[in-house]
Amino acid sequence: MDLCSACTMPTHASKSNTSNTLLIILLPTKVIIWFKARKTPAHISNLPNRYEEKLGRTLPYHGPSAVTLGMNLSPSSLPIPNSFILKLLHRLLFYRTRPNKSSLFLTLRKRKFKIFMHTNSCSIQEISIFAPQTAFYFENRSPIEYSCPSMKTPKLHVKCFGCQMNKLDSSLVVTALRKKGFELCEKASQADVILINTCSVRKHAEDRVTSNLGHMKHLKKTRPKIVVAVVGCMAQRVGEDLLEHDAVNIVAGPSHIPQVPEMIMNALPKDVADAATGSKAISVTEKIRQKTDSQVSQELDDFELTYDSDENHIKHQAFVRAMRGCNNFCTYCIVPYVRGPETSRPPQAIIEQIKKLAQNGIQQITLLGQTIDAYHYEAGDKTYRLADLLEMVADIESIKWIHFITSHPGKFDTAIFQAMANNRKVTPYLHIPAQSGSDRILRAMNRGYTAQQYLDLISEARQIVPDVAIASDFIVGFPGETDEDYQATKNLITDAHFKNSFIFKYSPRPGTHATKRLEDNVPAEVKKQRNIELLELQNSIAEEDNKRFKGRTLEVLVEGLSPRPHLNNADTQTLADGSAATDESWQHPQLIARTAHDYIVVFNGPESLAGNFAKVEITDTAALTLFGRLKQS
Ligand code: 5AD
Ligand code: SF4
C-alpha cells in the first residue's frame, strides 16, 4: 500500500476489537477504503484499483493532503453492506469538489447519513460523517481526522495569451492540476508551477512571453524549485529552442495539452539538488501538417470531456471546442503551422460535453473553431454541418444561448442564418473577419472572396436575421497595401456597419507565405496611423448606430462586477427620458453583462445577479458599451 510514510492510522480508529472500522484514506493517487471487520473482506480494500481497471484510466481525484477518517461502528450497526461502501466510494471519486463546505447524503438501512466535505478549491480536505442517531451508530461521536503534515498544497500560477482556444486549453490544464491538488495563486513569485499558454499570431504576443521568461529566470535564482511550463502555439513553433531557455522546464504544443499535467507532475523537483539539475521535457508535433492521428484526437477529446469545467471566470458560461486546426493558409497566418490540419470533433462528443456542463448550471455555450462555419463531420451517410450542430445543442433544455466563433466569409453556409432565424437560442451574432476591403489585398492574403462578395454575404445575413450583429477583424499594412487599398478598407467599414472591429497591424510570421514571398514594405508609422484611423472610423459608426438602443429594454446575461467601473453613479442616474432615477438600484455596484447580440451592457445591480438573465432599460450608449438600468431580474 503506497501510504505516505508520515501517515499512520489514528490509534483510536481501531480502539475496539469488537467493532468494525471503516477507514477512508485519500491519497494523491489513490483512495483506499479499508473496512476492518471480524472478517475483513479483501475485495473491499481493493475497490479503488478495481474502479480504475474498469474505467481503464487513473481516476482524477484528490490532492496531496492525505486525510484519513476512521470511525468505530457499534456492533448494532453491523454489517455495513458493500453497497453502502461502494456508493460512498463512487460519490467521493466523482464528486465535483467546490470551494468551502459541501455535503451529500447516503442512506444506510433507512437512516440518512450526512457526509460533510470540507474542501479547498481543488480537493476534499476533510470528511465528517453524521448519522441521525450518532450515539447509536458511532462509538466516537466526533469523526477522527488526520492530515498528513509532510505535504503542502502546491501553487499554480497561470499566464494565458491569445485567443479563446488558449483560454479553454488553460482552463482544462488548470482543472486537471486542481484535481491533482494544486491551488491557483495570483503571483508568479508564490507559485510552485508557472503555466504560460502562448500565442504566435503576432510577434508582439511572442515578445511578451520572452519578456515573461526573463522574469521567471530571475525568480528561479531565489526559488529554483519552480517549474515553468510553456505551452500553446509559440511552444509548437519554437520547440527545442524554447526548451533551451534557462527558465523553461516544459514545452508542449496545442495538440499535447493532455500530457501537460503529467509532465508537470514528473518535473516537480523533490529537493533543491533535484531542481538544480533542471528537469526538461518537450512534447510537440514533428510533422504538424500531417493528418491528425485518431488516437491523438481521441486523447484530446477525452481530456476535454474529463476536465471541462463549469468553474469559469464568467458564471454559467462555457467555451466548447467544435473544431481544431485550420486548412485555409491565409498568407499572413501562422495558425495552420502551429495548430495543424482542420478537424471537426464528433457531434456526439460535443453534445455529451455540453450536457455535462448544462447539468452543472451552464446556460451559455460558445462553440469554438478557427473557421467554425466550416464544421463538417461525416458519420456513415450523414454529414453534420454547423447548422445541424447548432440545432442539436439547442435541443439541450437548459442551454439558453449558443454563440459560435469565428466564421470565415469564404466558407459560409447560409443554412446557419436559417438556424439563427428559426431558433432563438442561436444568438444573432456573427464574428466574420473581412481582413481588408481591397480585392487586390484579399487575393494576396488568399482569402477566397472579394469585398463585394463579403458585403453581399452580410446583407443576406441581415435579410434572414434582421437584427444580427456583425463583428470583423482587419489587418492594416499588409505587404503592398497602398493608400487606395486602405481607402477600400475604409469604404467597406463604412458600408458594413459592424458592431465592432478588431484592427491589427500586419506582423510577419516566420514560415508563412507572406513572410517568404512578400516584403513587409509598409512603414511602421503608416501601419500605426492606419490602425488609429480605422478604429476611429469604426467607433464613430458604432457610436451613431448604437443610439437606436436608447430607451429599449434588452435581455442580458450578467457576467459579474464590472472589472473597471467606468461610470460614476452620477452619470448613470439619468433615465432615457432625462428624468432622475429614484429606485434603489443605484446603491448597488456596477455590473457588466452582454446581450444575445454580444453588446456589452453596464448597469447597477446586486452582485448576486452574476450568471443570471436580467432585463435592462438602456439609458445611454457609446461606441462599445450600452449603459442601463435594471428593470427586472
Ligand atoms: N499580423 C497581424 N494580424 C494577424 N492576424 C492573423 N495573423 C496576423 C498577422 N500575421 C489577425 C487576423 C485574425 C486575427 C485573429 O488576428 O485579423 O483574424
Ligand atoms: Fe489563420 Fe486564415 Fe485559418 Fe483564420 S482562416 S486561422 S486567419 S489561416
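Analyst: The conversation below goes from the whole chain to the ligands and then to single residues.

User: What kind of model is this, and how are things numbered?

Analyst: This is a predicted model, in which local features need pLDDT of at least 70 and side-chain atom pairs count only at pLDDT 80 or more, while totals for chains, interfaces and linings use all residues. Residues are numbered from 1 along each chain as its sequence is written, chains are lettered from A and ligands numbered from 1 in the order in which they are written, and side-chain values use heavy atoms, with hydrogens and water left out.

User: What is the mean pLDDT of the chain?

Analyst: The mean is 79, and 70% of the residues reach 70 or more; pLDDT is the predictor's confidence in each residue, from 0 to 100. Over residues 1-48 the value is below 50, and this stretch has 129 contacts beyond near neighbours in sequence, a contact being heavy atoms within 4.5 Å. Residues 567-576 also stay under 50, with 24 contacts beyond four places in sequence. Where pLDDT is low, the predicted coordinates should not be read in detail.

User: How many helices and strands does the chain have?

Analyst: There are 21 helices and 28 strands. Helices (H or I, at least four residues) and strands (E, at least two) are DSSP runs, numbered from the N terminus.

User: And how much of the chain is buried?

Analyst: Of the 633 residues, 53% are buried. Buried means under 20% relative accessible area, exposed means over 50%, and partly exposed lies in between (1.4 Å probe, protein chains only). The accessible surface comes to about 28,400 Å², and carbon and sulfur atoms hold 50% of that surface. Such areas come from the Shrake-Rupley method with a 1.4 Å probe, and for residues only the protein chains shown count as cover.

User: What share of the contacts joins residues 24 or more positions apart?

Analyst: Among contacts with a separation of 6 or more, that share is 71%.

User: Now the ligands. Which residues are around ligand 1?

Analyst: They are Val201, Arg202, Tyr332, Gln435, Asp473, Ile475, Phe504, Lys505, Tyr506, Ser507 and Arg509; a residue is near a molecule or strand if one of its heavy atoms lies within 4 Å of it. The shell divides into 5 nonpolar, 2 polar and 4 charged residues. Here Ala, Val, Leu, Ile, Met, Phe, Trp, Tyr, Cys and Pro count as nonpolar, Asp, Glu, Lys and Arg as charged, and the others, Gly among them, as polar. Two strands, β22 (469-476) and β23 (500-505), each supply at least two residues of this shell.

User: Which polar atoms come close to ligand 1 there?

Analyst: A polar side-chain atom of Asp473 is 2.6 Å from an oxygen atom of ligand 1. The side chain of Arg202 has an N or O atom 2.9 Å from an oxygen of ligand 1, and a backbone N or O atom of Tyr332 lies 3.0 Å from a nitrogen of ligand 1. The protein covers 85% of the 400 Å² of accessible area that ligand 1 has on its own. A polar contact is a pair of N or O atoms within 3.5 Å; within protein, one must be able to donate a hydrogen and the other to accept it, and residues adjacent in sequence count only if both atoms are side-chain atoms.

User: What about ligand 2?

Analyst: The shell around ligand 2 has 7 nonpolar, 4 polar and 1 charged residues. Among them are Cys326, Cys330, Cys333, His408 and Arg447.

User: Moving on, is Ser436 buried or exposed?

Analyst: Ser436 is buried, at 1% relative accessible area. This serine is in the loop between β21 (429-431) and α16 (439-444). A polar atom of the Ser436 side chain lies 3.0 Å from the backbone nitrogen of Ser438. Beyond four places in sequence, Ser436 touches Ile441, Leu442, Met445, Phe474, Thr489 and Leu492.
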